[in-house]
Amino acid sequence: MKSKYSKYALFFKALSDANRLKIINMLSGGELCACVILEEFQISQPTLSHHMKILCGCGLVNKRKEGKWMYYSLNIQTIEHVKAFLEQITSPK
């Protein structure tokens, strides 16, 4: 069984990339189509898909498909858990 530290390490690993941090920031404004996200980067669509797979895989981002388009949004519940964990481990004991 994974420790809670291992679980949260996955979130921080996902956030350790500048492009993924920018994507999280973009999604803080609400749900976005992958095409809109891609416009903000000088990367290929497969590279964006790789970043989104990491963010969705750890649970920070939700995805939904509508027709041929993929839409992404922050998983607010997971974000709140990560924020609480960071507060917990950085607070004076």
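**Entry 1: the sheet.** I looked up the strands and found an open sheet of 3 strands, ordered S1-S3-S2, with antiparallel pairing. I noted the edge strands next: S1 (32–33) and S2 (61–66) each pair on one side only. I remind myself that this is a predicted model.

**Entry 2: one pairing.** I checked how S1 meets strand S3 (residues 69–74): 2 bridges join these antiparallel strands. I took Leu32 as an example and found Tyr72 as its bridge partner in S3.

**Entry 3: helices on the sheet.** I saw that helix H2 (residues 18–27) packs on the sheet and touches S1, S2 and S3. Its direction makes about 85° with that of S3. H4 also packs on the sheet, where I found it touching S2 and S3. The direction of H4 makes about 120° with that of S2.

**Entry 4: helix H4.** I counted 13 residues in H4, with 18 Å from the first C-alpha to the last. That is close to the 18 Å expected at 1.5 Å a residue. I listed its buried residues: Leu48, His51, Met52, Leu55 and Cys56. They lie on the same side of H4, because they cover an arc of only 130° around the axis. I found these buried residues packing against H1 (4–14), H2, H3 (34–39), S2 and S3. On the face turned away from the buried side I found exposed Pro46, Lys53 and Gly57. After H4 comes Gly59, with a positive phi near 95°.

**Entry 5: His51.** His51 counts as buried because its relative accessibility is 6%. Leaving aside neighbours within four places in sequence, I found His51 in contact with Asp17, Asn19, Arg20, Ile23 and Ile43.

Terms used: Residues are numbered from 1 along each chain as its sequence is written. This is a predicted model: local features need pLDDT of at least 70, side-chain atom pairs count only at pLDDT 80 or more; totals for chains, interfaces and linings use all residues. Side-chain values use heavy atoms; hydrogens and water are left out. Buried means under 20% relative accessible area, exposed over 50%, partly exposed in between (1.4 Å probe, protein chains only). Contact means heavy atoms within 4.5 Å. Two strands pair if DSSP finds at least two bridges between them. Helices (H or I, at least four residues) and strands (E, at least two) are DSSP runs, numbered from the N terminus. Axes are lines fitted to C-alpha atoms, for helices over the stretch in contact, and angles run from 0 to 180 degrees between N-to-C directions. The expected span of a helix is 1.5 Å times one less than its number of residues. The arc is that of the directions from the helix axis to the C-beta atoms.
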